[in-house]
Amino acid sequence: VMALPTTRFESINWLGKNPEKPMYFCIKRPSGKKAHVYVHTYAQGRREFQGQTIQLATIDEECNHDIYTEIWARTLASNGARLIVAATPIEGEEWLDKIRESAETSDNTSKYRFKTIDNPMVNKTSVEEMQRMYKDVPEELEMRLLGIPRLGSALVYSDRIFTQDHIISYAQCDVHSGNY
């Protein structure tokens, strides 16, 4: 029998062991009641969420639109359910933009912006590296470190940022001769 990480965990079922990916765990609450937690991944697809009763879901901006709409529908079907989106504030993700708009225009959605540099547990070396990496791209730094929404979509990596290095010198093409 494997030793559980705390006495409050009563059981864990695994989706995978290397790396460890739980698919279910049961936690004994201080009241004595039990919380049954099911872990789903985006890789499992939309079907994994269909027909589920969801009390709490946490997602990020990598969640595709189909899975987001399914999770959102499941939380609407459950009284008091909550959906937490922890995201780099990338504009252009339609579902994320709608949540942001809802937070600004209604009382049923809240938005919080946290500065990475205000996190007391932040890895200062990583922040310094990010500041060096994006020194010529202040908009990226504002998004990553200050939480200010910026236009973009999909995953954002340093090698995908357009710089002067991406410009190809002018080359003449004679389309009439077929020589390119």
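1. Ground rules. This is a predicted model, with local features needing pLDDT of at least 70 and side-chain atom pairs counting only at pLDDT 80 or more, while totals for chains, interfaces and linings use all residues. Residues are numbered from 1 along each chain as its sequence is written, and side-chain values use heavy atoms, leaving out hydrogens and water.

2. Overall layout. The chain has four helices and seven strands; helices here are DSSP runs (H or I) of at least four residues and strands (E) of at least two, numbered from the N terminus. Along the sequence the pattern reads β-β-β-β-α-β-β-α-α-α-β. Of the 180 residues, 22% count as buried, where buried means under 20% relative accessible area, exposed over 50% and partly exposed in between, with a 1.4 Å probe and protein chains only. Among contacts (heavy atoms within 4.5 Å) with a separation of 6 or more, 38% come from residues 24 or more positions apart.

3. Strand pairing. Two strands pair if DSSP finds at least two bridges between them. E2 and E3 (residues 34-38) run antiparallel and are joined by five bridges, with cysteine 26 partnered by histidine 36 in E3. E4 and E5 (residues 82-85) run parallel, with four bridges; alanine 57 has leucine 83 of E5 as its bridge partner.

4. The cores. A nonpolar core is a set of buried Ala, Val, Leu, Ile, Met, Phe, Trp, Tyr and Cys residues joined through side-chain atoms within 4.5 Å. The largest one has 11 residues, including Phe49, Cys63, Ile67 and Ile99. E4, H1 and H2 each supply at least two residues of this core. Apart from it lies another core of five residues, among them Val127, Tyr134, Leu141 and Leu145. Strand E4 has a covered face, Ala57 and Ile59, and an uncovered one, Leu56 and Thr58. Isoleucine 71 touches Phe49, Ile54, Ala57, Ile59 and Leu83, not counting residues up to four places away in sequence.

5. Aromatic pairs. Rings of Phe, Tyr and Trp (its six-membered ring) pair if their centres lie within 6.5 Å; planes under 30 degrees apart count as stacked, over 60 as edge-to-face and the rest as tilted. That rule gives four aromatic pairs. Phenylalanine 9 and phenylalanine 25 make a tilted pair, at 5.4 Å centre to centre and 35 degrees between the planes. This pair links strand E1 (residues 9-17) with strand E2 (residues 20-28), the two residues being 16 apart. Phenylalanine 9 is partly exposed because its relative accessibility is 21%, whereas phenylalanine 25 is buried at 16%. Tyrosine 68 and tryptophan 95 are stacked, at 4.6 Å and 20 degrees. They sit 27 residues apart, in helix H1 and helix H2 (residues 94-105). Tyrosine 68 is buried at 8% relative accessible area, and so is tryptophan 95, at 2%.

6. One to look at: glutamate 61. This residue lies in the loop between strand E4 (56-59) and helix H1 (65-76). Leaving out residues up to four places away in sequence, glutamate 61 touches Ala86, Ala87, Thr88, Ile90, Trp95 and Leu96.
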